[in-house]
Amino acid sequence: MKNRVFSAKAASAPYVVWSVLFVIAPLVFVAYYAFTGSDGGFTLVNISKFFSAYFDTFIRSLWYGVLSTIICLIIAYPFAYWLAHSGASVQRTCVMLVMLPMWMNFLIRTYAWMNILQDTGIINAALSKLGFDTVHMINTGGAVIFGMVYNFLPYMILPLYSIMTKIDPSMLDAASDLGCSKLQSIIKVVLPQSVPGIVSGITMVFVPSVSTFYISQKLGGGSFDLIGDVIERQFTLSYNYNLGAALSLVLMVLILVSMFFMRRFSDADSDGEVLM
Amino acid sequence: MKQSFAGTAPDNARSEPVYVSGRPSVTRFLLSAGVLLLLTAVCSCSAAAATDEEIEALRGTTLYVYNWGEYISDGSDGTMDVNAEFEKKYGIKVVYDTFDNNEVMYAKLKGGGISYDVVFPSDYMIGRMINEDLLEELDFGNIPNYKYIDERYRGLAYDPENRYSVPYNVGMVGLIYNTKAVTEPPTSWKLMWNSDYAGKIVMFNNPRDAFAIAQSILDIDFNTLEEEEWRAAADLLCHQKQVLQSYVNDEIFDKMESGEAVIGAYYAGDYLLMYENNEDLAFVYPDEGVNVFVDAACVLKGTRNKLAAELYINFLQEPDVALANAEYICYASPNVLVINDEDYEYYQNEILYPDEEHTPKTEIFLRLPDNINTLMNSLWEDVKNYDAGLGGADAEDGGAPQAKSKDVIKSYAGLASVALIGTAAGVGAYVRRRKRERSW
């Protein structure tokens, strides 16, 4: 018995070492930098800047993150439901298609969208060929949200799909036997059971959306900041690690708090497992 | 043959290379060579060059080099592979990494945990690194090829006594425009504020270069210590946002080549590359003056292979190596043998090497004191987030649009929080109801 415990521990050791080195230790550094000034002394100035100088930027990021998460959910939910009830070969193909873009680097995909959306890009060239007016898309907030939805949609689809395939189809049969319409059975049977998938999908889309910087720089034209841009700039341009760490820390805490509340809802349904 | 520089629109002048004659290059070369010989003599007195045995002993060692991306001839398309040639000659292995800009390089070096031997900062960053004691003094006895460096690029203010750096590439910033859209050859940076081209203008996405353009227009020193002058330049940059398409780095290649943007500011050498892909593009050094930059090779404090580093820096100025690099990188070379080599692809190229008459007013970037640097970065954030009311019409004065954007953001915030709380409450209520139903 003792031996088994020991070998289990030994097997997990590589990951434990990994996470201590690359997750825990960096977090300690972030916290240390966040509460110190450039002279190394304790200060709360940098933390407070989040709520003064950068609060508007944060609200904008939050808004963009919420919007792109809601759009992802609206697109992904029906698709995931349809997919989970399709034939095996359709499922295989579609899951493959969802994942396919992820084989290409995220930066390259976003850069490509910059060329597709611009005034002289493919879409506008096609529009003007067909005799329509061109539509200005690039360098707008809409383009940024589009970029977020495009890049993070798979992270919404996959957890929803995987939770929906686990829903026992006999439950749907039972619902219709008991007189539920199709819509009613979706609302009363599928939706409650898919809450854990929704929660993990929201988490996986909202967190990267709210903290992204590359998408806003390339598709937004760099003429407004998201909080990720501000943080990035502290490390790459201003060399103000303390402020960058403080902003990251506050952002992290706010996200954690909101995740905690989200989890409360999904934990209420203890059958589901949260995919992370 | 000599025509106004601003008038060198692609279709007349650029279809055939224009060689501006009468450059007093030979005499100047001899003169500078003389000065150089003297200088090197002085240098070599203080430190004798390394002996062959010392150099031989370096075989099998490793040299860590940190340079800009795409900034060395790498053997592609039949060019010289400079690092491989160095390895072959000295038996010293070169580990080569690249960076995007001075700030990233600086942050990485300051972050610690890595050690390079040779780095290539630009002028103002060299000043900063000298000031912070990050650079090692060079032993010019081991860098005899320093004698080839044009005297114009010696003793510059960032390293006044030439103790820490050997120029690698030099260049100037200029105005790039598409002749299909801009038919009158421009002479002023003010073109970048012209509302006739609204939405077709791209601007530097880094504060130092962006501010320099505004400072040129306002006739302010690039290295000014007056806070008010920095604020004035920032105001000008805010006003530019009404006509600006976007802030760009290397995306400018795509934007200008495709015609998405028709006016932009960038480095002269890069314009030559853009021109290869779109012959409608033209280039001009505006009358108000431009920034001249020097990227130079330096050795970092704490290097474990100083002699190899100096051999490498010296190797880069070997005539054939410097020529290969100059042709690959397309930036102007500080090496007089390259400049005066008639077989050089850009020999007397009027953009890289304008003659005296067409050389614009130039100014170099120097290290800014910390308080000014912080001010510049924070003004830059204000500029980036300034809402010029892209509709154009309602952006009458500075105050109104900003107030408007605040209101918009506030209402967004309200909406967002209502949406969040609403969703949360909805889901919560629903789940609780389900639970109750189930427990029945």
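What percentage of the 276 residues of chain A count as buried? In this predicted model, 45% do, where buried means under 20% relative accessible area with a 1.4 Å probe and protein chains only.

## Basis of the model

Residues are numbered from 1 along each chain as its sequence is written, and chains are lettered from A and ligands numbered from 1 in the order in which they are written.

## Chain A overall

Chain A has 13 helices and zero strands; helices are DSSP runs of H or I with at least four residues, strands are runs of E with at least two, and both are numbered from the N terminus. Contacts in chain A with a separation of 6 or more come to 70% from residues 24 or more positions apart, a contact being heavy atoms within 4.5 Å.

## Helices α7 and α10 of chain A

Helix α7(A) (residues 141–164) packs against helix α10(A) (residues 195–211) at an angle of about 160°, and their axes lie 8 Å apart. The pair is therefore roughly antiparallel, the term for angles over 145 degrees. Axes are lines fitted to C-alpha atoms over the stretch in contact, and angles run from 0 to 180 degrees between N-to-C directions.

The residues of this contact divide into 13 nonpolar, four polar and no charged. Among those in α7(A) are M148(A), F152(A), Y155(A) and M156(A); those in α10(A) include P196(A), G197(A), I198(A) and M204(A). Nonpolar covers Ala, Val, Leu, Ile, Met, Phe, Trp, Tyr, Cys and Pro, charged covers Asp, Glu, Lys and Arg, and the others, Gly among them, are polar.

Helix α12(A) (residues 227–236) and helix α14(B) (residues 370–385) pack at about 155°, with axes 12 Å apart. These two helices are therefore roughly antiparallel. V230(A), R233(A) and Q234(A) meet W380(B), E381(B) and K384(B), a set of two nonpolar, one polar and three charged residues.

## Helix α6 of chain B

Seven of the nine residues of α6(B) (residues 123–131) are buried, including D123(B), Y124(B), R128(B) and M129(B). D133(B), which follows α6(B), has a positive phi near 60°.

Note on methods. Predicted model: local features only at pLDDT ≥ 70, side-chain atom pairs only at ≥ 80, totals over all residues. Heavy atoms only, no water. Buried < 20%, exposed > 50% of the residue type's maximum accessible area, 1.4 Å probe, protein only. Parallel < 35°, antiparallel > 145°, perpendicular 65-115°, else oblique.
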